[in-house]
Amino acid sequence: AGWLVTDFGRFLGVYLGGRISEDSELLVFVRAIATALVAAVIANLVIFPNGALAATPLFVRISAALIGFMGYLACGKRVIVGIAIGEIALGTGMLLTPG
């Protein structure tokens, strides 16, 4: 039952998405909501982490996120590069901080 509801929404999105102009206000609104949701999830993971990441100091997590974002911007807005740089910064920070 869960699969049917999820796939129906996906098929409907593909069907309607092909008919909507990329410059339409509706699509800009949907992109803004999706971006806000991703930002909220990232902020939640940085501020209120679970598991091993919870033992990492807050300044290390925030610094790694900022370094990853700067790497993303510096490398032509390539998502994978920003993620890799952020992970390297987080790993380095975890190794260098006591705890």
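Biologist: How much of the chain counts as buried?
Modeller: Of its 99 residues, 15% count as buried, and please keep in mind that this is a predicted model.

Biologist: What is the chain built from, helices or strands?
Modeller: The chain has 4 helices and 0 strands, so that from the N terminus on its elements run α-α-α-α. The radius of gyration is 18 Å, well over the 13 Å that the globule rule gives for 99 residues, so the chain is more spread out than a compact globule.

Biologist: And what does the C-alpha trace span along its principal axes?
Modeller: Along those axes the C-alpha trace spans about 55 × 35 × 20 Å.

Biologist: Let's turn to α3 and α4; how do their axes cross?
Modeller: The axes of helix α3, residues 58-74, and helix α4, residues 79-96, come within 7 Å and cross at roughly 150°, and α3 and α4 are therefore roughly antiparallel to each other.

Biologist: Is that crossing left-handed or right-handed?
Modeller: The crossing of α3 and α4 is right-handed.

Biologist: Which residues meet there?
Modeller: On the α3 side they include Val60, Ala64, Ile67 and Tyr72, and among those they meet in α4 are Val81, Ile85, Leu90 and Met94. The residues of this contact divide into 10 nonpolar, 5 polar and 1 charged.

Biologist: How many Å apart are aspartate 7 and leucine 95 in space?
Modeller: They are 43 Å apart, C-alpha to C-alpha, and 88 residues apart in sequence.

Definitions and conventions
Residues are numbered from 1 along each chain as its sequence is written. This is a predicted model: local features need pLDDT of at least 70, side-chain atom pairs count only at pLDDT 80 or more; totals for chains, interfaces and linings use all residues. Side-chain values use heavy atoms; hydrogens and water are left out. Axes are lines fitted to C-alpha atoms, for helices over the stretch in contact, and angles run from 0 to 180 degrees between N-to-C directions. Helices (H or I, at least four residues) and strands (E, at least two) are DSSP runs, numbered from the N terminus. Angles under 35 degrees count as roughly parallel, over 145 as roughly antiparallel, 65 to 115 as roughly perpendicular and the rest as oblique. A crossing is left-handed if the near helix is turned anticlockwise from the far one by less than a right angle, and right-handed if clockwise. Contact means heavy atoms within 4.5 Å. Ala, Val, Leu, Ile, Met, Phe, Trp, Tyr, Cys and Pro count as nonpolar, Asp, Glu, Lys and Arg as charged, and the others, Gly among them, as polar. The radius of gyration is taken over C-alpha atoms; the globule rule is 2.2 Å times the number of residues to the power 0.38. Buried means under 20% relative accessible area, exposed over 50%, partly exposed in between (1.4 Å probe, protein chains only).
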